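Hi everyone, thanks for coming. Let's have the structure up on the screen, and then I'll walk you through a few things.

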Amino acid sequence: MIINEFVQEVHQNAVAHGWWDEERSVAEIFALIHSEWSEALEEARAGKPMAYQVQSYGIVQGRIQTDVLKWFPGQKPEGIGIELLDGCIRIFDYLGKRGVTLKYWDSLEDLIRDTPKTAYKIPFPQLIANLHEKTSISYALLRPADDEDKAIEKRGFVTLLEIVAIACSWIREQGVDAEMLMLKKHEYNKLRPYKHGKKF
C-alpha cells in the first residue's frame, strides 16, 4: 500500500458513491469518524471477533466466518478491527478531499513503525477513549476559523495520521494484518450501492 495513492483511491471511491455530491461540513466528517470508534467498542462488548462476515443461505442463517483470509464474496466485513479501519478509511477520505500529500511516510508500515507501545498496548476501552480524544483534538485544529493558521492545520492533519497509526498498531498487536484487512474493506466498499441508502 502506497499511502498517497491509497488516500486518493479512497477519496475517489467516496466521490463515485455520492458522498461528496454536496459539500460536507468538517463537523459531519469528524462526527462520523467518532461513530466508527463507538461501533468498534460495541462489537467488542458483544464479544465479536476482529473480523467476520455473516452469510445467510438456504436453511443456515447467521453463520459467522472468522477467518479473515477467506471471505464470502460480496458479504459485508464486520468486527472490531473492521470498525477501527472504517474510521481510518474515513480519515483517508478527508485527507484526500483536502488534498493532503504525505511527505514522510510512503507506506502504512512507515506510518505505524514508530508508534510507541504505550499508545496501543492498553485496555481496549482506554484505546477507544484515546481515539475519541485525539479525534476531538484534530477537529478543534481543523474546523474552519476566520484566521487560518497553516501550522495549526498541519498539526490537525498529523494528529489524524497518529490516529491511523495507533488503530493499525493495535490491530497488528492482536495478530491481524491491518493493511490486508483495510484493503479488503476498501474492495468491499467499491461494490456498495450509491450512498448505501443513507443520508450521510
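Here's one to start with: how do the residues of the lining of the second largest pocket divide into nonpolar, polar and charged? The answer is seven nonpolar, two polar and four charged. Do keep in mind that this is a predicted model.

Now, on to the helices. Two packed helices are described by the angle between their axes and the distance between the axes.

Take H1, residues 3–16, and H7, residues 178–190: they pack at about 25 degrees, with axes 10 Å apart. Angles under 35 degrees count as roughly parallel, so that is what we call H1 and H7. The crossing of H1 past H7 is left-handed. On the H1 side, the contact uses Phe 6, Glu 9, Val 10 and Asn 13, while H7 brings residues including Met 182, Leu 183 and His 186. By class, this contact of H1 with H7 has four nonpolar, three polar and three charged residues.

H1 also meets H3, residues 80–97, where the axes come within 8 Å and cross at roughly 90 degrees. H1 and H3 are therefore roughly perpendicular. Among the residues making this contact are Ile 3, Phe 6, Val 7 and Val 10 of H1, and Ile 89, Phe 92 and Leu 95 of H3. The contact of H1 with H3 counts eight nonpolar, three polar and two charged residues.

Thanks, and I'm happy to chat about any of this.

How values were computed. Residues numbered from 1 in each chain as written. Predicted model: local features only at pLDDT ≥ 70, side-chain atom pairs only at ≥ 80, totals over all residues. Heavy atoms only, no water. Axes fitted to C-alpha atoms, helices over the stretch in contact; angles between N-to-C directions. Helix = DSSP H or I, 4+ residues; strand = E, 2+ residues; numbered from the N terminus. Parallel < 35°, antiparallel > 145°, perpendicular 65-115°, else oblique. Left-handed = near helix turned anticlockwise from the far one by under 90°. Contact = heavy atoms within 4.5 Å. Nonpolar A, V, L, I, M, F, W, Y, C, P; charged D, E, K, R; others polar.
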